[in-house]
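Visitor: Hi, could we go through the ligand site and then a pocket?
Guide: Happy to, here it is.
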Amino acid sequence: MTGKNITILGATGTIGINTLDVISRHPKKYQVFALTANTNVEKLYQQCLATQPRYAVMVDNDAAEQLSAKLIKQGLETTVLSGVEGLETVASHDDTDYVMAAIVGAAGLLPNLAAAKAGKRVLLANKESLVMSGKLFMDTIHQHGAELLPIDSEHNAILQCMPKASNKSSIEKILLTASGGPFRTWQSEQLSSVTPEQAVAHPNWEMGKKISVDSATMMNKGLEIIEACWLFDVPEEMIQVVIHPQSVIHSMVSYNDGSVLAQLGNPDMRTPIAYSLAYPERISSGVNALDIFAVAHLDFEKPDFGHFPCLRLAYDAHRQGGNATIGLNAANEIAVEAFLQKQILFTEIPILIENVLQDIVSGTPDTLDDILIQDKVSREHSKLWLANNTKNNQRQLSS
Ligand code: NAD
Ligand code: MG
């Protein structure tokens, strides 16, 4: 086999599944080398049967044993590993060429860093790791000759709108588009009644639960502002969020000669995945060409920070430094999970985050240990807030 060996971290998730779909269309160019998942044995088992990878990793030990037994029964030679060490092993393995970083949340940080240190092409979907460790992550990429290609559709679009020949100083603004999520047109007073079921039903994109809630609060866009600053080395003032409900333009770059370059397409993650796999070439992705006549018109609005307080929190946190962006991410992860478990209201997500951010000192941690400590402290603070604000079950959340 001569194609590139691909490790997919978070293979059982939405991005993982879309990646497998694109790879399956180009068997001569790409082979699955390793697949990883957290706990879903059955799904990873089915994926292993279909792709016969050299390695499979389940973070959970019991799940790893179950998977191993099932694969042996089928006569598959896939080696099953477990734990974070297993993730790091496949992310940095000598025979891995490209690593799709598609674990959700802070759990992606260590394996992503392992891939960067090993000098891999890192296809970054897991924006949370960059929000947590922006400077350290970018330094690691550069020091080890790794290549970082964004999978987030907006950042992938921005990359596509930055021709290599044009110099960076000619960029005046990055226009980061956002659908505005399912509650864009709701009255702010109505937002406290939002249920998890309503929040995970995104109007334009099929995504995992956490990012769907992030899209509904617009924290997803907040995280993406910070992600864009690190990826493209620009200050946050250069990022203008643009509400564009049709999700057809995936982002734009505005230049000093008056040109605005945009990337358009149907909202389907296989396009950015294919672009990053084949970069700088292009390959088919299974996504149909955009029917521009069916789209007919495109709308743009300025975001309302009052309606979406998470956007302001993200801008403020990035201005404050790395400690704050770690706190922002950690508090958001805890708040989203609590909302999905119906422990807090939708409108309490930004309240919890703001409370955690209030106690964080400015500055940016230098080392991985310091990053992990700030993450832990912020999670503890978030849980304390939850304990103090949800005790006695005073609130009856809709079921
Ligand atoms: P998902 O919930 O569908 O899948 C998450 C994957 O991560 C699963 O394979 C799961 O097994 C794994 N995982 C979860 N917790 C883990 C842990 N503690 N340790 C190891 N693995 C763990 O999520 P998704 O929608 O595929 O999103 C994945 C990442 O990609 C997120 O960071 C998200 O922000 C980003 N992203 C997703 C989309 C999208 O359209 N889905 C778009 C842009 C960026
Ligand atoms: Mg995005």
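Guide: The shell around ligand 1 divides into 12 nonpolar, seven polar and four charged residues; Ala, Val, Leu, Ile, Met, Phe, Trp, Tyr, Cys and Pro count as nonpolar, Asp, Glu, Lys and Arg as charged, and the others, Gly among them, as polar. This is a predicted model, where local features need pLDDT of at least 70 and side-chain atom pairs pLDDT 80 or more, while totals for chains, interfaces and linings use all residues. Residues are numbered from 1 along each chain as written, chains are lettered from A and ligands numbered from 1 in written order, and side-chain values use heavy atoms, without hydrogens or water.

Visitor: Which residues are closest to ligand 1?
Guide: Thr 12, Thr 14, Asn 38, Glu 128 and Gly 208 are the closest of the 23 that surround ligand 1, counting residues with a heavy atom within 4 Å.

Visitor: What about the backbone of Gly 208 and an oxygen atom of ligand 1?
Guide: A backbone N or O atom of Gly 208 is 2.9 Å from a ligand 1 oxygen. For Ile 15, a polar backbone atom lies 3.0 Å from an oxygen atom of ligand 1.

Visitor: New topic: what volume does the second largest pocket have?
Guide: About 740 Å³, taken as the space filled by probe spheres set on grid points joined across faces, edges and corners. A pocket is an open set of points on a 1 Å grid over the protein atoms alone, where a 1.4 Å probe fits, with protein on both sides within 12 Å along at least five of seven lines; lining residues have an atom within 4 Å of a point.

Visitor: And which residues are closest to its centre?
Guide: Leu 148, Leu 159, Met 162, Leu 231 and Phe 232, out of 31 lining residues. By class, that lining has 20 nonpolar, five polar and six charged residues.

Key:
A polar contact is a pair of N or O atoms within 3.5 Å; within protein, one must be able to donate a hydrogen and the other to accept it, and residues adjacent in sequence count only if both atoms are side-chain atoms.
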